[in-house]
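Student: Could you take me on a close look at the place where the two chains meet? I'd like one connected walk through that part.

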Amino acid sequence: MMKILVVILVFVLSNVLILGNHLINIPILVQVLIGMLYMGLVAFFTQWIAHKYLNPVKSSALIGLILGVFLQLDIQPKILELSVFTVAFGATFVGMCSSKYLSPRGVFVAGVLYGLAAIYTLPYTSFIGGAMGTLACLCCLVVINILKIIQWKRGI
Amino acid sequence: MLKKSQNTNQNNFAILLIFLTQLAFCFIILWQQPQFWYIILFLVVSWIYLPPILAHNQKWWILLICSFLGLYVTLFLKNYCNTILAASIGTLLMQFIPKIPNYGKAIFYAGAFAAMGDFVILNALSTAIIPFVCATFAWFTQNVHNGIGGKLGTIGFLGATIHFVVEFVI
């Protein structure tokens, strides 16, 4: 229990220190890259908590709670007018993927892919509930199938 | 042997449903709103390929009640905080309620996702359509894509999309 509290505290502090409201004066391309890496990390972190301490639903909801508190406190870095913490809630769905399908590295890659797709598609779809989850599912399926093709090519 | 082929049919049907839902998502990106014709096509294709119903581990009425609770609690909490906080708080609280099976606790999250949309408000239409669609979709897809991230979101998305189209038509 103590361990998970420390991990969550580190996550919260890194969110505030790294993102905070500092993204505004950075070039768009760098903003997008930071956003993608952040989504990958959130997905990785969610799967790690789900694997070690809680189940995937609790883990995603817990991270969502932290992100929701940030939004409530009006700490919201934005990339292309899209709140990073809102998009990051979708990355927790990527992190709900079982380690049977995706290794932690695979989840990170799926999270990065989700970040890229979300930044450019969510402005058109976010008015419908579940859009982030559907996008997360698509990204997971893409990465799972790419890994399968790579394994098949190598003859594993 | 017959049961095995029926099971395969049912799993293929479930994968078709998930595929069509994700295609609907891609169409929304293109046209920027759910298309009426696509939802009709979706329902017709689903009906044509509907396989024989087999015994399932999950109970449909539990899925229905839990997705309704997810929708209702999130819509209620949305009045007091942002949507992400509303969905997360409701789902975390649900985890502490005893005697509810794990699949019920999971489908609560799908109902919460559906409620996160901007246009969903608490009325008779949303409370009738969204839980029904979510529960039915979850019930059919219970044997496929388990453990793939975003499946619950896809379930919530279909409920929200069909509700959007029905409300738009009415």
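Tutor: One term before we start: a polar contact here is a pair of N or O atoms within 3.5 Å, where one must be able to donate a hydrogen and the other to accept it. Keep in mind, too, that this is a predicted model.

With that rule, 8 residue pairs are in polar contact across the interface of chain B and chain A, both residues being at pLDDT 80 or more. Look for salt bridges across the interface of chain B and chain A, and the rule finds 0. The area buried between the two chains is about 3200 Å², and carbon and sulfur atoms give 75% of that. As for who takes part, chain B puts in 40 residues and chain A puts in 40 residues.

Now stay on the chain B side. The elements that give two or more residues to the side touching chain A are helices H1 (2-31), H4 (83-95), H5 (102-115) and H7 (151-169) of chain B. Of these, H7(B) gives the most, with 9 residues.

Let's zoom in on H4 of chain B, where Thr91(B) sits. Thr91(B) counts as buried because its relative accessibility is 0%, and the cut-off for buried is under 20%. Its contacts beyond the neighbours within four places in sequence are with Val57(A) and Ala61(A) from chain A, plus Phe108(B), Tyr109(B) and Ala112(B) from chain B. And the side chain of Thr91(B)? That one reaches the backbone oxygen of Ala87(B), at 2.6 Å.

Conventions: Residues numbered from 1 in each chain as written. Chains lettered and ligands numbered in written order. Predicted model: local features only at pLDDT ≥ 70, side-chain atom pairs only at ≥ 80, totals over all residues. Heavy atoms only, no water. Contact = heavy atoms within 4.5 Å. Buried area = accessible area lost by both parts, 1.4 Å probe. Salt bridge = Lys/Arg side-chain N within 4 Å of Asp/Glu carboxyl O. Helix = DSSP H or I, 4+ residues; strand = E, 2+ residues; numbered from the N terminus. Buried < 20%, exposed > 50% of the residue type's maximum accessible area, 1.4 Å probe, protein only.
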